[in-house]
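Me: I'd like to learn how to read a few features of a protein model. Can you walk me through them?

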Amino acid sequence: MTLWEKYRASFQENASLTAFCIGKQDYSYHEFSEYISGCQQLLFKHLPEPTGQPVGVMCHDSIETFAAIFAIWFSGAHFVPINPQHPAFVNNEKIVQSGLRFILNSEITATAGELKAESFSTKGLKSNEPFIVSKATGRAYILFTSGSTGKPKGVPISETNLNAFIEGFLELYPDLASGDRFLQTYDLTSDAAFTGYLIPLLLGAAVFTIPAGGFKYLNIVKLLQEYQITWTQFTPSVLNYLRPHFKSIRANSLKHSHFGGEALPFELVSEWAGCVANAEISNIYGPTETTITCTIHRSAIENLGERVYNGIISIGKPIGEVKIRIIGDDFQELTAGEKGELCIGGQQVMPGYLSAPETDKNSFISFGDEAFYRSGDLVFSDDDGFLFFCGRIDDQLKINGYRIEPAEIELVVSELANGSKSKAFAFRNQTGTESIVVFIEGLDRDADRLKEALRDRLAPALVPEKIIGIRNFPLNANGKVDKTALFETYSSAIYE
């Protein structure tokens with residue numbers, strides 16, 4: 001049985017159960033299937049031979065968006081997510097690279113006429129005719145990541161890659177079942193969003209999306225408590241936005257609280273644990289190129305502090321068939337305790353970028369006859385095989401000949417600033433030399449006094465030249481700290 005046939009079987013078996021709750025409206029698996037059928041018939045009308053073809057979906061918070069994704073998969077085509085909030089220039093680059101001709105769209109968008117692909121409306125489109133599932137296997141989707149050339153890199157993920165992830169994930173969480181309620185918090189153009197609907201829909205569980213309007217992060221709290229959500233995943237930065245409300249949050253129905261996309265501070269998540277007394281905490285890790293998630297660290301609340309390095313929770317061990325190697329500067333494999341670049345192999349790893357042979361050459365390393373993706377992430381493993389994230393190799397700061405890990409500075413700053421979240425970056429100061437700037441959320445003390453305190457805790461090369469207090473860290477569409485926005489907003493304070 002193919003992956004898509006497994007989904008069809010789930011939809012049929014759980015026809016009367018709730019598949020989605022979107023904008024306070026429930027949709028059963030039977031209704032969802034009708035929307036899928038309507039989208040599939042539209043697709044066949046305009047693309048009679050969809051097998052192996054890319055089809056775009058303008059990703060809105062709508063049942064038609066999710067239906068379009070599955071209609072594409074069931075038809076043997078592959079899905080390319082398009083963000084309606086992105087400029088036409090950005091979306092057109094993805095359209096050209098992926099060879100898109102058609103986009104399925106459930107809402108009228110301002111830039112639709114500027115796109116280099118034809119858009120077809122799926123608004124309210126349903127059919128009582130049963131959908132079909134193609135026997136063809138191949139690509140599942142193409143996502144785009146930032147590229148060093150200034151153009152996004154296309155990451156093609158196959159059905160085999162996706163199936164390997166799903167099997168590995170479900171093997172790790174056998175308790176998940178049709179009675180669970182998953183909260184989908186991510187932008188649907190992010191691979192992190194896939195877990196929030198692919199896993200529950202295979203189980204017959206319900207997916208809850210966050211309604212538009214109001215303050216997104218308070219909407220999360222409301223949904224958690226009102227709908228008795230049992231599974232969540234968000235970035236630590238989102239959790240930090242919720243921090244002021246921790247005293248009033250009691251999500252006792254939550255069984256699984258997942259975090260990913262950024263380093264997970266022990267201090268922050270241990271405070272969160274007081275809000276979710278019955279939950280297990282999972283810290284997940286996975287580059288887009290390795291299909292959503294490739295390592296996971298699970299921890300009961302009472303054991304959260306068992307595997308922590310520099311104040312950061314372990315990213316755990318590989319799931320399913322994922323393989324890992326850690327290499328040094330000479331590309332030789334390192335042993336436990338030695339820091340190096342994390343390389344990832346196995347069935348979840350993409351075959352190569354969409355159209356970037358030179359990038360492929362630099363992004364993979366061979367061990368025997370197997371290619372491993374070079375993540376660019378600095379890690380080490382302990383004697384038990386648990387991995388610890390130490391930062392990005394290319395984020396490593398070099399100041400006056402010293403190699404500096406931002407996490408080392410951020411940990412001490414957090415301790416001296418009453419647990420406030422901080423981020424350290426390099427910048428070129430007025431003298432033309434590289435220096436360090438630290439942004440601190442909710443700084444409640446004088447920056448000069450804090451700098452003096454840091455001199456007592458850090459080597460001179462690690463003491464920042466600039467300390468800037470901010471109200472909140474700006475986040476990008478995927479819930480991560482937006483460095484570009486930080487530097488644009490506080491440029492006068494940085495470069496004065």
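Me: Let's start with Glu-370: what does its relative accessible area tell us?

Reply: Glu-370 is partly exposed, with a relative accessible area of 23%. Buried means under 20%, exposed means over 50%, and partly exposed is in between, using a 1.4 Å probe and protein chains only. Keep in mind that this is a predicted model, where local features need pLDDT of at least 70, side-chain atom pairs count only at pLDDT 80 or more, and totals for chains, interfaces and linings use all residues. Residues are numbered from 1 along each chain as its sequence is written, and side-chain values use heavy atoms, with hydrogens and water left out.

Me: Which residue forms a salt bridge with Glu-370?

Reply: A salt bridge is a side-chain nitrogen of Lys or Arg within 4 Å of a carboxyl oxygen of Asp or Glu. Here the partner is Lys-323, and the closest N and O atoms are 3.0 Å apart. The pair links distant parts of the chain, with Lys-323 in strand β18 (residues 323-327) and Glu-370 in strand β21, 47 residues apart. Helices (H or I, at least four residues) and strands (E, at least two) are DSSP runs, numbered from the N terminus. Lys-323 is partly exposed too, at 37% relative accessibility.

Me: How many salt bridges are there in the whole structure?

Reply: A search finds 15. In one of them, the side chains of Arg-307 and Asp-382 meet at 2.7 Å, N to O. Arg-307 lies in the loop between β14 (295-300) and β15 (308-309), and Asp-382 in the loop between β21 (370-381) and β22 (387-392), so the pair ties together parts that are 75 residues apart in sequence. Arg-307 and Asp-382 also belong to a salt-bridge network with Asp-384.

Me: Is Asp-382 buried or exposed?

Reply: Buried, with a relative accessible area of 17%.

Me: Where do Glu-452 and Arg-455 lie?

Reply: Both are in helix α12 (residues 447-455), 3 residues apart, which is about one turn of the helix.

Me: In which sense do β9 and β10 pair?

Reply: Two strands pair if DSSP finds at least two bridges between them. Strand β9 (residues 181-184) and strand β10 (residues 206-209) have 4 bridges and run in the parallel sense. Across this pairing, Arg-181 stands opposite Ala-206 in β10.
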